[in-house]
Amino acid sequence: MRPVLHGDLVAAARALLCVPREQRWRVARDLVAQADVADRYRRRLGRVHPGWGNGTLMAAALGRPCAPERRLDDPDYTDCLILALEAVRYWRERRWSRGNAQPSPREAVHYSP
């Protein structure tokens, strides 16, 4: 998957708002996995994936229905942003544990509330 930027998370949260609450965690993980597959496809074949785009989380998310962006004081939207972040972290931790990539010191830091 290509580097995740603010716009990627916003797009993912907007897509998650269109999904029933009980399915959002699965869909968030699917979006990240699709972005990863699309990036591998792009690097291997030199063109964007026909369904999931260029390997960014934004491209994978915008291929689905998306709600308008909401304010950060909207609890449903905030929950979707958090799910998007958690899905990225989950994907990276799984990738590191399989030995496919090593985290940089900055990426390896986990903040606990």
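In this tour, a residue is called buried when its relative accessible area is under 20%, exposed when that area is over 50%, and partly exposed in between, using a 1.4 Å probe and protein chains only. The structure is a predicted model, in which local features need pLDDT of at least 70, side-chain atom pairs count only at pLDDT 80 or more, and totals for chains, interfaces and linings use all residues. Residues are numbered from 1 along each chain as its sequence is written, and side-chain values use heavy atoms, with hydrogens and water left out.

**The whole protein**

Begin with the entire protein in view. It contains five helices and zero strands, and its elements run α-α-α-α-α from the N terminus on. Helices (H or I, at least four residues) and strands (E, at least two) are DSSP runs, numbered from the N terminus. Of the 113 residues, 35% count as buried. The protein exposes about 7100 Å², of which carbon and sulfur atoms supply 54%; accessible areas come from the Shrake-Rupley method with a 1.4 Å probe, and for residues only the protein chains shown count as cover. Among contacts with a separation of 6 or more, 67% are between residues 24 or more positions apart. Here, contact means heavy atoms within 4.5 Å.

**Helix H2**

Next, select residues 24–45, which form helix H2. Its 22 residues reach 31 Å from the first C-alpha to the last, close to the 32 Å expected; the expected span is 1.5 Å times one less than the number of residues. After H2 comes Gly46, with a positive phi near 75°.

Colour the buried residues of H2: Arg24, Val27, Ala28, Leu31, Val32, Gln34, Ala35, Asp36, Ala38 and Asp39. Their cover includes helix H1 (6–16), helix H3 (57–62) and helix H4 (75–97). An α-helix has 3.6 residues a turn, so residues three or four places apart point the same way.

Now pick out Gln34, which lies in helix H2. Why does Gln34 count as buried? The reason is its relative accessibility of 13%, which falls under the 20% limit. Beyond its neighbours within four places in sequence, Gln34 is in contact with Trp52, Ala60 and Arg64.

**Where H2 meets H4**

Show H4 beside H2. Two packed helices are described by the angle between their axes and the distance between the axes. The axes are lines fitted to C-alpha atoms, for helices over the stretch in contact, and angles run from 0 to 180 degrees between N-to-C directions. For H2 and H4, the axes come within 9 Å and cross at roughly 50°. H2 is therefore oblique to H4; angles under 35 degrees count as roughly parallel, over 145 as roughly antiparallel, 65 to 115 as roughly perpendicular and the rest as oblique.

H2 passes H4 in a right-handed crossing. A crossing is right-handed if the near helix is turned clockwise from the far one by less than a right angle, and left-handed if anticlockwise. To display the contact, select residues of H2 including Arg24, Trp25, Ala28 and Val32, together with residues of H4 including Cys80, Leu83, Ala87 and Trp91.

Move to H1, where eight of the 11 residues are buried. Among them are Asp8, Leu9, Val10 and Leu16. The cover over the buried residues of H1 includes H2, H3 and H4.

H1 and H2 pack at an angle of about 140°, with their axes 10 Å apart. This makes H1 oblique to H2, and the crossing is right-handed. Ala12, Ala15 and Leu16 in H1 meet Arg24, Val27, Ala28 and Leu31 in H2.

With H4, the axis of H1 comes within 8 Å and crosses at roughly 120°, so H1 and H4 are oblique to each other. The crossing of H1 and H4 is also right-handed.

Centre the view on Leu16 in helix H1. Leu16 counts as buried because its relative accessibility is 0%. Apart from residues up to four places away in sequence, Leu16 touches Arg24, Val27, Ala28, Leu31, Cys80, Leu83 and Ala84.

**The loop between H3 and H4**

The last stop is Ala67, in the loop between H3 and H4. Is Ala67 buried or exposed? Ala67 is buried, with a relative accessible area of 10%. The C-alpha atoms of Ala67 and Arg14 are 5.0 Å apart in space, although the two residues are 53 residues apart in sequence. Not counting residues up to four places away in sequence, Ala67 touches Arg14, Leu17 and Cys18.
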